[in-house]
Amino acid sequence: MLADMQRDFRSWLLQPDAERRTQPPRDTLRGLATYQNNYRTQLVLCLKASYPQLLARLGDDAFVEAAIQHIHRHPPSSWTLDAYGANFADSLHALYPHNPDLRELAWIEWNLGEAFVARDAETIAPHQLAAIDWDIARLRLSPSLRLHAATTNAAALWSALQEGVPAPAAEMLDAPAGIIVWRRDFSCQLRQVDTSEYTALHSLREDDRFSALCDALVERLGERQGVDRAGSLLAGWLAAGIVVGVDEGQA
Amino acid sequence: MSRALPLFAGYGLGLRREHYRDFLDTDVPVDFVEVISENFMVDGGQPLDILRRVRARYPVALHGVSMSIGSADGLKHDYLRRLRKLVDAIDPLFVSDHLSWSRFEHFNSHDLLPLPYTEETLALVCRHIQQAQEAVGRPMLFENPSSYVSFAVSSMTEWEFLAEMTQRTGCGLLLDINNIYVSSQNHGWDADAYLAAIPAERVRQIHLAGHTQAGELLIDTHDQPIGTDVWALYAKAISMLGPVATMIERDDAVPPLADLLAELDIARRLQARCMPALEAA
């Protein structure tokens with residue numbers, strides 16, 4: 001039966017000899033070794049391509065060791081090889097539990113890759129903003145936007161590695177912050193933001209009303225400062241392509 | 001699904017990232033380009049934009065690596081839906097994939113694994129090809145694989161399998177000359193007998209590529225110039241097949257475009273030499 005052969009072949013690729021349900025025929029061992037080698041080599045190369053700065057940070061030997069452990073624990077299942085490595089951060093955490101910077105670096109690299117091929121968005125032209133009734137305005141975030149809580153200086157690490165300048169030592173941040181990744185036109189962006197901006201973006205995903213953003217900031221900062229802060233955040237998001245549209249209307 | 005397989009006899013190259021600018025900014029002397037379908041089965045961003053712009057300048061063939069037409073547990077609807085969306089957006093010259101399997105249950109090897117050539121496999125592959133052709137709305141091409149193991153249970157040769165497969169499904173063949181050479185060397189097949197037995201009228205495209213010797217096996221690596229033995233086999237193939245769309249696959253150690261164009265010129269010269277009557281016409 002074909003299904004039995006494919007089940008066996010899978011185990012020949014994945015499992016050590018002792019754990020296999022069946023053993024491959026002796027005359028196929030040489031050819032099978034080619035498939036086993038292709039399988040592992042391709043996945044290691046895939047991880048290296050998805051995490052170039054992590055590779056630079058860890059060095060080839062440590063990266064490959066982490067990759068091999070990841071491949072052993074997480075055989076690929078998606079239709080696309082591009083999806084392999086989505087949970088590499090978890091494997092790094094298991095290997096380096098005291099290095100949250102590595103996990104956050106992995107998050108940055110993976111999400112930059114996702115943002116690169118995220119759905120396109122038409123951005124609102126500045127002159128269209130003049131006619132908006134802000135009391136009923138709803139903010140449309142870029143489909144490429146990704147948010148993550150930051151505890152380390154991983155964003156600074158990534159930027160230094162990307163620019164090829166000496167990277168700073170890994171360190172914990174003095175205060176909680178956020179990392180945001182998005183794509184503006186065809187260019188992926190990374191920014192570390194303070195906790196208030198991170199919280200505001202998070203809230204917008206749940207409730208896209210500009211008035212709700214204002215209310216939350218007024219409650220936290222007071223009437224004048226809250227409204228000013230909402231306005232400056234929105235101006236920055238529009239300029240950066242984080243907010244790509246403004247619609248009017250109730251939910 | 002009633003469209004016929006198009007006839008197209010030109011020379012093409014695989015579109016690789018290293019050469020995007022050449023294809024976008026200059027007139028590269030090719031008749032078509034081929035892209036890996038999965039690289040563009042994405043939601044948006046620059047890759048799709050580049051493909052649309054290249055498509056405006058050249059015919060594009062879509063070549064897939066992940067359909068897994070021989071998976072015993074069926075095709076994936078989400079994959080077919082994404083491929084159809086790309087087909088509709090690009091209107092490709094050809095849509096192709098491989099006679100192989102990659103996926104079983106929740107495992108996807110992302111490699112083109114070999115199939116035993118049995119009646120059971122033939123029935124399953126033909127059922128899947130019909131399903132895939134319905135899903136993409138046009139006949140497809142399937143490529144002969146390179147392989148490093150064979151199966152004692154096989155009851156027919158690869159070329160017998162391919163002939164029956166095309167007859168039952170109406171699909172076309174993407175004949176990879178390097179794969180014929182690699183598999184023939186690895187399994188002791190007669191490459192000439194292979195060429196003589198395939199249904200010539202179903203061949204719509206030819207792939208050429210390089211391989212690597214690894215111990216006693218040849219490996220289909222696509223990281224070398226095309227070997228002289230493969231060129232010789234190509235010359236035999238085109239003398240038997242007539243004019244067929246021919247392209248060079250180079251996936252690793254990608255050289256400057258000029259090197260690949262020089263290899264493509266060898267294919268042109270071989271065709272001129274092997275088919276003088278056609279050239280004169």
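**Before starting**

This is a predicted model, in which local features need pLDDT of at least 70, side-chain atom pairs count only at pLDDT 80 or more, and totals for chains, interfaces and linings use all residues. Residues are numbered from 1 along each chain as its sequence is written, while chains are lettered from A and ligands numbered from 1 in the order in which they are written.

Helices (H or I, at least four residues) and strands (E, at least two) are DSSP runs, numbered from the N terminus. Two strands pair if DSSP finds at least two bridges between them.

**Stop 1: the barrel of chain B**

Select β1, β2, β3, β4, β7, β8, β9 and β12 of chain B. In that order these 8 strands close into a barrel, with parallel pairing. Neighbouring strands here are turned by 25° against each other on average, direction ignored. Such angles run from 0 to 180 degrees between N-to-C directions, and the axes are lines fitted to C-alpha atoms, for helices over the stretch in contact.

For one pair in detail, pick β1 (residues 11–14) and β2 (residues 32–36) of chain B, which run parallel and are joined by 3 bridges. Within this pair, B:L13 is opposite B:V33 of β2(B).

**Stop 2**

Next select α4 (residues 119–136) and α5 (residues 158–169) of chain B; their axes come within 10 Å and cross at roughly 40°. That angle makes α4(B) oblique to α5(B). Angles under 35 degrees count as roughly parallel, over 145 as roughly antiparallel, 65 to 115 as roughly perpendicular and the rest as oblique.

Show the side chains of B:L122, B:V125, B:C126, B:I129 and B:Q130 in α4(B), which meet B:F161, B:E164, B:M165, B:R168 and B:T169 in α5(B). Residues are in contact if their C-beta atoms, placed from the backbone, lie within 7 Å.

**Stop 3: two loop residues with positive phi**

Most residues other than glycine have a negative phi. Select B:S68, in the loop between β3 (60–63) and α3 of chain B. B:S68 is not a glycine, yet has a positive phi of about 55°. Is B:S68 buried or exposed? With 28 other C-beta atoms within 10 Å, B:S68 is buried. The cut-offs are 20 or more other C-beta atoms within 10 Å for buried, 12 or fewer for exposed, and in between for partly exposed, with C-beta atoms placed from the backbone.

Then go to B:H222, in the loop between β11 and α8 (228–241) of chain B. Its phi is near 55°, again a positive value in a residue other than glycine. B:H222 is partly exposed, with 19 other C-beta atoms within 10 Å.

**Stop 4: the hairpin and the other chain**

Select β5 (residues 101–104) of chain B together with β6(B); this pair is antiparallel over 3 bridges. B:W101 has B:L113 in β6(B) as its bridge partner. The hairpin has 2 residues between the strands, and B:E105 takes a positive phi near 55° in it. Of the 7 residues in β6(B), 5 are buried.

Now show both chains: 33 residues of chain B are in contact with 32 residues of chain A. Which element gives the most to the side of chain B that touches chain A? That element is β6(B), with 6 residues.

**Stop 5: chain A**

Select α2 (residues 29–50) of chain A, a helix of 22 residues that reaches 32 Å from its first C-alpha to its last. The buried residues in α2(A) are A:T34, A:Y35, A:N38, A:L43, A:L47 and A:S50. They pack against elements of both chains, among them α1 (2–14) of chain A and β6 (107–113) of chain B.

Finish with the open sheet of chain A, 3 strands in the order β2-β3-β4 with antiparallel pairing. Its edge strands are β2 (146–152) and β4 (187–194), each pairing on one side only. Between β3 (residues 172–184) and β4(A) there are 8 bridges, and A:R183 stands opposite A:C188 in β4(A).

How values were computed:
The expected span of a helix is 1.5 Å times one less than its number of residues. Two residues are in contact if their C-beta atoms, placed from the backbone, lie within 7 Å.
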